[in-house]
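Look at the fold below and keep the sequence beside it.

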Amino acid sequence: MEKDLSNYRKSYEKGELLLSNVSDNPIELFRDWFVEVDNHFNIDEANAMTISTIGLDGYPKSRVVLLKKYTFEGFVFYTNYNSEKGKAIEANPNVCLSFFWHAAERQVIIKGKAERIAENMSDGYFESRPRGSQLGAIVSNQSEVIKNRAVLEEELKALELAYEGKDIERPKYWGGYIVGPVEMEFWQGRPNRLHDRIRYKLLEDYNWKIERLSP
């Protein structure tokens, strides 16, 4: 089977990104962009991001997760520590996050190191989740092979009965990571494929070096 996609083209004309109007800190620019795309563009789950890890088999792998918090320290998401991605992070904490907000013609790429957040922070977020999501975190042995979907559904029914009227405690194998950035790149689509690319690199003195990259 073959399908030629060479005629797929789009002209990017919704904005510009200039060195003269960016923040000294990339987290501030990320905040400004996130607030703008979340409030003014029709984007479902603007917090959806792709995380890439280096697997135990040596291959990179990317998948979409949800950003749950960002601070000057980094970007927080939650997962099963025993999952494929969790095992990959434990073996090699160097990861890449990326956001693509197509409606705004913007992309952000973040290189950084992932580490587990404090257990009380994971506890607090777990308690805020819907009850079904709490039970789902217990039911799913994430990334493991299962016989069929019925296995999950039967396990969920059993847990619903077991926890009826009871609080659900966060399993120790489920929690958050924070990715501390060492490099962040902001991409704004422009006409004629002459896109704007601004890169921040973290220096040894914890200041950021800001550079414009060729598209």
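**A walk through the model**

Trp101, leaving aside its neighbours within four places in sequence, is in contact with Phe30, Trp33, Phe34, Val37, Ile43, Ala46, Arg106 and Val108, where contact means heavy atoms within 4.5 Å. This is a predicted model, in which local features need pLDDT of at least 70 and side-chain atom pairs count only at pLDDT 80 or more, while totals for chains, interfaces and linings use all residues. Residues are numbered from 1 along each chain as its sequence is written, and side-chain values use heavy atoms, with hydrogens and water left out.

Which residues have the most contacts inside the largest nonpolar core? They are Phe30, Trp101, Val108 and Phe186, in a core of 34 residues. A nonpolar core is a set of buried Ala, Val, Leu, Ile, Met, Phe, Trp, Tyr and Cys residues joined through side-chain atoms within 4.5 Å. Buried means under 20% relative accessible area, exposed means over 50%, and partly exposed lies in between (1.4 Å probe, protein chains only). At least two residues of this core come from each of helix H1 (26–40) and the strands E1 (48–54), E4 (74–80), E5 (94–101), E6 (106–116), E7 (174–188) and E8 (196–202). Helices (H or I, at least four residues) and strands (E, at least two) are DSSP runs, numbered from the N terminus. H1 gives the largest share of the core, 6 residues. Apart from this core lies another, of 13 residues, including Ile117, Ala137, Leu159 and Trp174. In soluble globular proteins, nonpolar side chains tend to be buried together.

Leu135 lies in helix H4. Is Leu135 buried or exposed? Its relative accessibility is 4%, so Leu135 counts as buried. Beyond its neighbours within four places in sequence, Leu135 is in contact with Leu156, Leu159, Glu160, Tyr163 and Ile168. The C-alpha atoms of Leu135 and Ile198 are separated by 42 Å, and these two residues are 63 residues apart along the chain.

Next come the charged side chains. The structure holds 16 salt bridges, a salt bridge being a side-chain nitrogen of Lys or Arg within 4 Å of a carboxyl oxygen of Asp or Glu. One of them joins Glu105 and Lys10, whose closest N and O atoms are 3.4 Å apart. This pair links distant parts of the chain, 95 residues apart: Glu105 is in the loop between E5 and E6, and Lys10 is in the segment before H1. Glu105 is buried, with a relative accessible area of 1%, whereas Lys10 counts as partly exposed at 39% relative accessibility.

Another salt bridge joins the side chains of Glu84 and Lys61 (2.6 Å, N to O). Glu84 lies in helix H2 (residues 84–91) and Lys61 in strand E2 (residues 60–66), so this pair ties together parts that are 23 residues apart in sequence. Glu84 is partly exposed, at 38% relative accessibility, and Lys61 is partly exposed at 39%.

Arg212 and Asp196 also meet in a salt bridge through their side chains (3.0 Å, N to O). Because Arg212 lies in strand E9 (residues 208–213) and Asp196 in strand E8, the pair ties together parts that are 16 residues apart in sequence. Arg212 counts as partly exposed at 37% relative accessibility, and Asp196 counts as buried at 5%.

The largest pocket is lined by 19 residues, of which Tyr78, Thr79, Arg129, Gln142 and Trp174 lie nearest its centre. On a 1 Å grid over the protein atoms alone, a pocket is an open set of points where a 1.4 Å probe fits, with protein on both sides within 12 Å along at least five of seven lines; lining residues have an atom within 4 Å of a point. E2, E4 and helix H4 (131–139) each supply at least two residues of the lining.

Two loop residues other than glycine have a positive phi. For Glu45, in the loop between H1 and E1, phi is near 50°. For Asn192, in the loop between E7 and E8, phi is about 60°. Glu45 counts as exposed at 51% relative accessibility, and Asn192 counts as exposed at 69%.
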